[in-house]
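Subject: Structure handover

Hello,

Here is the structure we talked about. Please open it and follow along with the notes below.

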Amino acid sequence: MRTSIRVGAVAMATAATLLMSGCSAQAGGGDAGPVKLNYWAWAPNLEQVVDIWNSENPDIQVTVQKQDGGDPAITKLLTAIKAGSGAPDLIQAEYQKIPTLVSSDALADLSEYGAGDIEDSFAAGVWDSVTLGSDAIYAIPQDSGPMMFYYRADILADLGLAVPTTWDEYAEVARAVHAADPSKYLGTFSSNDAGWFTGMAQQAGASWWGIDGDAWSVDIAATPTETVAGYWGGLVEEGVIDNKPMYTPEWNAGLNNGEQVGWLSAVWAPGVLGGNAADTAGLWEAAPMPQWDVDAPATGNWGGSSTAVTTQSDHPKEAAEFATWLNTDADAVQALVTTSGIYPADAEQAKAALTAPPEFFSNQPDFYDVAAEVAATVSPFTYGPNVNVAYSAYNDEFAKAADAKTKSAFLDAVDAMQKITTDDMKKNGFTVK
């Protein structure tokens, strides 16, 4: 049964803030003029999309206030919420930040403004990210990062290797690639990007946090994540998979010189490949991720953000109306694709807006058909209020495991993440069962 999840010590601590915010006056919206909404966001050229809304809605005018990425904006918002004033009406919020904002009573529940009517526009896993499994709707999904498998089609063809469709096949192809040329790897295990590992665990069925009434649970050290960690630890121990962290100069060069034959990434990967491996344009192809169960195809989500309405907004109804338009209206979504370069979370609008492959993948006309197929299989995943702590623990503990290069060290890292994350929640007053 779904429940409201405004739980935990932070929520209790902000009770006074709620009283204060209820008395605060926010920008715009006088009786004599149009409602004025402030929108904190970082997506490039978003103001051009908002201009479309403003021209068509003279009674509700939106102003974009550009922010420095996700974390600074969230920190700034939490400061305003704690102070009782200074928050915008709307904010661009990454999915993993929503539980933190909800626990701080920073986000309005949009279910009372009809947001539930658009649920079917989004993959279940994406929608779950904005409801946290509750009856409430804390944001409207904007973009998503379904994970895919990118590979050098020319190298696999030269070696006579088929594109792997299961993780067992992936391991066999990885062994074959490395055996043919010890300088080459089908992929890397990166200990510096917790979002990547989270997406891999999500595909396997993990959901690291859970909510039951007023209590949270932490389920990092459970079978799905342990399976993923053991799998990659085994390949690293075997030496057939690289363990260079992503985005280092050496790893970037490997994308271009053929040492990195594959990359498990998200739908936004063409931009990274184009920036680091320009010489290989037209040689890569994209496919669905290898599967643990081919009868139940699934993927994870690496990245993505939403549009949320804050509890300090004096005009939550109008803000919800704008957020819904921005992320589901055909013209708005097309403009988001064209001017902001996002992959829309709205499945049907994404299909309509993305009719040509990315320039780097001009050799694969069905690139976005593959992406759409994959996006529909994003598994549900619940984030918790201390994602930052869990991600920091990942970086610390898996860095040790990557150095040790043993399967057992990878499994120990999962246990450490579980303990560090759970202890932090208890320390901060959350009920953790």
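Two notes on the source. This is a predicted model, where local features need pLDDT of at least 70, side-chain atom pairs count only at pLDDT 80 or more, and totals for chains, interfaces and linings use all residues. Residues are numbered from 1 along each chain as its sequence is written, and side-chain values use heavy atoms, with hydrogens and water left out.

Next, the aromatic rings. Rings of Phe, Tyr and Trp (its six-membered ring) pair if their centres lie within 6.5 Å; planes under 30 degrees apart are stacked, over 60 edge-to-face, the rest tilted. That rule gives 39 aromatic pairs. Take Phe149 and Tyr170: their ring centres are 5.8 Å apart and their planes stand at 75 degrees, so this pair is edge-to-face. Phe149 is in strand 4 (residues 140-152) and Tyr170 in helix 8 (residues 167-180), 21 residues apart. (Helices, H or I, at least four residues, and strands, E, at least two, are DSSP runs numbered from the N terminus.)

Is Phe149 buried or exposed? Buried means under 20% relative accessible area, exposed over 50%, partly exposed in between (1.4 Å probe, protein chains only). Phe149 has 0%, so it is buried. Tyr170 is also at 0% and counts as buried.

Last, look at Gln312. It is in the loop between strand 9 (301-309) and helix 13 (316-328). Its relative accessible area is 1%, so Gln312 is buried.

Best wishes
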